[in-house]
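Please examine the sequence and the model before reading on.

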Amino acid sequence: MALNPGTVINNRYRIVRLVGQGGFGAVYRAWDLSLGQPVALKENADAGVESQRQFEREAKLLAGLRHPNLPVVIDHFIIPGQGQYLVMDYVEGKSLSALLVERGGRLPEPEVLPWVRQVCDALTYLHTRTPPVIHRDIKPDNIILTGDGRAMLVDFGISKVYDPGGSTTVGAKAVTPGYSPPEQYGRAGTDARSDVYALGATLYTLLTGQVPPDGPDLSSGAQALTPPRRLNPAISEEMSQAIMAAMMPSISQRLGSATAFRDALTTRVFVSPQQTARPASAPVPVKKRRVSRLVWLLGALIPMAVAVAWVWMTYGNPFDRLRAAEPPAAIVGGAETPGAPVIAVATEAGTPITTATVEQTPSATAPAATTTVAPTKETAAPAASSTTEATTAQPADVPAATATPTPPPATATATATQVAISEPATTADWKHINQPWEQDGVSLTARTLEIRPENDSQNPAARVWFRLVNKTGQRLLVEINWANIFLEDSFGTRYVDFEGGETTSVWVETGANYDFDRQYTVTPGQRSRVPGDAAFVQVTVTEFSRVKDARWQYPINAALQPVVGPAEGEAKTVGEAWEQEGLALRLADIRVLAESDSGDAAARVWFELTNTTNQEWLAEIDFGHIYLTDSFGRHFGDWDGGGIFARSIRPGDTLRFDRYYSEMSGRRSRISRGTGNVVVTVESLGRLTNALWNVPVDVRLSTVNSAGRETPLNINQAWEQEGVSLTARTLEIRAESDSQEPAARVWFRLLNKTGQPLLITLDWSKLYLQDSAGTRYVDFEGEGMTSVWVQTGQVYDFDRHYTVTPDQRSRVPSNAAFVQVVVEGLSRISNARWQYDINPNLQPVAEPADGATRAVGEAWEQDGVALRLADLRVQAESDSGDAAARAWFEVTNSTAQRVIVEIDLGHLYLTDSFGRVFGDWDGGGLYAVTIEPGATARFDRYYSEMSGRRSRITRGALFVLLHADRTMQLENALWRVNINR
């Protein structure tokens with residue numbers, strides 16, 4: 001029976017309305033009277049034993065999950081004779097299925113892509129838990145789009161913990177026709193690839209408006225999966241192929257992970273409206289006709305000959321007219337576009353990718369008109385499509401309206417429209433990854449370098465993505481000898497083509513890109529790895545078309561050192577323009593992305609190019625020659641890997657465009673942590689050379705240097721050295737009654753705060769435990785070593801078991817006073833220690849001095865940025881939540897400029913009046929957000945003695961202190977909350 005609005009459940013949750021109802025339960029929107037916020041209340045009315053077990057398992061499963069694209073479980077309780085109830089954050093928004101209906105049956109690819117990528121990230125999080133969690137019910141109904149653009153994956157009703165040796169439980173057997181993979185229908189086990197299939201099917205529906213055939217029908221061959229592009233020609237070929245790879249009926253042939261699916265989506269190229277108007281159709285078999293080929297040929301040629309003769313007699317020699325035609329059209333993506341050329345660009349996140357806005361202003365030689373091309377959106381795809389839309393001239397994401405391009409006047413002189421080809425790049429020993437090497441009009445870029453860590457299952461040591469741009473003005477036949485492309489590390493080891501090398505050739509049209517990638521190893525066909533202590537890897541191309549002896553170098557775990565910026569007068573600031581020979585380039589705006597920003601690029605820049613001459617000018621922009629450097633000298637090139645854009649600018653008009661920048665093309669990156677300024681460099685743009693803009697970056701860092709610390713930390717506190725933070729999140733000491741053989745287990749979290757990807761070497765012999773008697777507990781599996789990549793701003797979680805002798809049972813003595821976790825060395829961490837006291841004799845600690853603390857509602861402020869404790873709730877024993885306390889925070893920017901605020905959640909913690917420490921419930925992480933002038937950012941956290949384990953403030957404690965330890969440049973902000981008992 002449905003609960004009526006106004007009903008209060010469990011003395012805490014007031015029903016607001018029914019959201020949805022099924023055969024065995026319902027979902028309500030309710031109001032949490034305790035926390036004063038909306039919640040989702042899920043009711044299970046099925047009294048069956050298996051159903052109740054399944055419902056309880058879902059609650060426990062969700063309770064330990066924390067991800068921005070997953071709901072958070074708040075509570076779980078049972079009302080005897082009525083049902084079980086699960087309480088979670090209320091996700092306000094609209095399901096993708098509802099949006100699909102609202103939009104008339106299908107959604108545009110650029111709009112859908114960022115949502116699917118977010119779901120891929122959530123699935124990667126679920127699949128990498130220990131043990132992995134498989135959702136098993138992904139479909140448009142279960143993805144909610146929130147108001148801030150987040151795609152939330154909801155409804156874990158049939159999810160399961162993955163057991164490689166087991167099978168699906170009875171309670172978890174359920175399917176959704178069209179979305180569930182074939183293995184979910186039968187006895188075969190499901191794993192992470194099952195979720196990949198369902199997400200691929202969801203994407204299929206969103207883009208085509210059609211639900212794919214059922215999994216068993218595809219598996220048996222009763223039905224075939226129609227490629228999405230045939231149903232909707234606006235879908236790019238790369239997107240169509242990625243969906244087909246995700247939906248392979250055989251689980252062994254399917255994309256192996258959500259990360260692989262995300263990568264496949266990341267490397268797609270969008271097709272322009274001009275191209276999609278003539279979709280490439282698959283070959284259609286036709287019946288052979290018994291007609292002579294000669295008769296068919298004559299039938300085709302005779303009408304053509306008659307038409308040519310008529311034109312010649314009526315209009316004269318047509319080739320004479322061609323010689324006197326209007327100025328040449330711009331070349332876009334290898335094809336000539338008459339009249340008004342458009343940009344070759346890619347798209348993401350709902351709007352097309354690269355912006356070019358031409359404002360035709362009144363002048364003596366040109367009538368007033370406006371021609372615009374839609375603003376860029378960040379993408380991982382190469383620039384390869386042409387998209388023309390109208391937009392405002394502001395550096396913001398706004399809906400575009402249609403505009404009619406105005407062709408250049410037929411009377412324009414030839415000299416006014418000549419393309420200014422960029423000068424060859426200055427010869428150097430090496431270039432940065434994602435920086436072009438140019439010789440004789442051919443530009444070659446090593447766009448992205450992937451160095452494989454030890455824990456990667458693939459055999460090659462590295463993979464490199466390249467882009468060749470033909471800027472010669474003529475079609476090139478490029479010969480490729482794979483033996484001429486190789487890698488070397490800092491030890492001199494050479495890595496050659498994994499397939500052994502061969503020779504091939506390709507045609508590259510003028511102005512077009514040719515993208516390719518290769519894998520590398522020490523010995524062809526055999527597994528190898530780049531040593532974790534290598535200082536760098538260098539990509540070498542001895543010869544490729546006209547490019548010779550090109551080198552790109554990528555440093556591994558570089559020690560970042562500040563570099564000298566531009567001298568006074570050498571650089572301009574935001575809003576100022578460089579002008580040369582009637583061409584002015586202005587840096588309109590720049591946005592540096594914080595860690596918590598959803599975009600993958602490090603920065604976005606808006607430009608304005610103005611023609612101040614009295615004649616039309618054909619501008620050529622090589623995006624590979626526009627880049628950023630931060631104050632540590634790190635180089636950030638074009639997100640799409642570069643390319644050529646040519647566009648006519650009439651006298652007095654302005655061309656507006658914007659670009660995204662990343663250390664590697666299409667890969668997530670961030671400006672180095674602690675950067676004081678960013679330099680935007682335009683090496684060459686037509687008549688302009690070496691234009692520089694120096695932009696200050698206001699970053700409020702959260703940092704602690706634990707090096708040299710003599711006293712150990714508490715469990716769930718962060719130890720930090722040189723931008724690497726390591727936390728022993730949870731320590732589990734086994735009792736004698738426990739059946740497991742190891743004496744203890746420790747969960748760790750490593751956080752990369754350096755601002756660059758780190759290759760972390762894990763030597764298990766350097767992580768051990770010691771008890772108060774001096775007994776050492778080593779890794780249960782014995783000594784071993786592996787390596788992993790940890791991206792900037794990301795966390796890496798791992799755990800280990802410990803015992804006195806490897807593979808043998810042992811226990812910590814019950815009379816031990818404490819156990820210490822010791823990490824002798826891990827990346828930049830050395831001699832870190834955490835101590836857990838066993839059965840301590842708690843004693844009150846000294847109270848803070850007068851004036852050292854503030855009350856709830858008050859703020860600590862420094863240099864115009866304030867951190868305020870808005871509220872703090874301490875949990876009682878009867879409270880259903882596992883955390884000891886919950887705190888709400890507000891960060892306000894009262895300065896006149898944009899500020900990036902970084903908060904290491906491991907440095908926000910509680911202590912009670914007995915000195916016990918309660919750290920972040922999730923084990924910490926980095927929260928960094930860009931705050932506009934006058935704006936406020938809000939967030940909240942849960943606290944526990946050990947990450948993810950139930951705890952309570954010490955019984956009899958008189959107060960708690962909330963510490964912000966060197967957070968946001970605050971040295972030691974303290975708030976005191978008294979506990980009334």
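How many of the 19 residues of H3 are buried? The model is predicted, with local features requiring pLDDT of at least 70 and side-chain atom pairs counted only at pLDDT 80 or more, while totals for chains, interfaces and linings use all residues. Residues are numbered from 1 along each chain as its sequence is written, and side-chain values use heavy atoms, with hydrogens and water left out.

**A helix.** In H3, 17 of the 19 residues are buried, so this helix is largely enclosed by the rest of the structure. Buried denotes under 20% relative accessible area, with exposed over 50% and partly exposed in between, for a 1.4 Å probe and protein chains only. Helices (H or I, at least four residues) and strands (E, at least two) are DSSP runs numbered from the N terminus. Helix H3 covers residues 109-127, and at 1.5 Å a residue it should span 27 Å; its end C-alpha atoms are 26 Å apart, which agrees. The expected span is 1.5 Å times one less than the number of residues.

**Aromatic rings.** The whole structure contains 16 aromatic pairs. Rings of Phe, Tyr and Trp (its six-membered ring) pair if their centres lie within 6.5 Å; planes under 30 degrees apart count as stacked, over 60 as edge-to-face and the rest as tilted. Two stacked pairs are listed below.

| Stacked pair | Centre to centre | Angle between planes |
|---|---|---|
| Phe-77 and Tyr-85 | 5.3 Å | 20° |
| Phe-607 and Phe-657 | 5.1 Å | 20° |

Phe-607 belongs to strand S31 (residues 603-611) and Phe-657 to strand S36 (residues 654-662), so their pair ties together parts that are 50 residues apart in sequence. Both Phe-607 and Phe-657 are buried, and Phe-77 and Tyr-85 are likewise buried. Elsewhere, ring pairs join Phe-466, Trp-482, Tyr-514, Phe-516 and Phe-544 into a cluster.

**Charges over rings.** A charge sits over a ring if NZ of Lys or CZ of Arg is within 6 Å of the ring centre and within 35 degrees of the ring normal. Arg-29 lies over the face of Tyr-90, 4.6 Å from the ring centre. Likewise, the charged end of Lys-431 is placed over the ring of Trp-437, at 5.5 Å from its centre.

**Lining of the largest cavity.** By class, this lining has 10 nonpolar residues (Ala, Val, Leu, Ile, Met, Phe, Trp, Tyr, Cys and Pro), 7 polar and 5 charged (Asp, Glu, Lys and Arg); the others, Gly among them, count as polar. Strand S54 (899-904) and strand S57 (926-931) each supply at least two residues of the lining.
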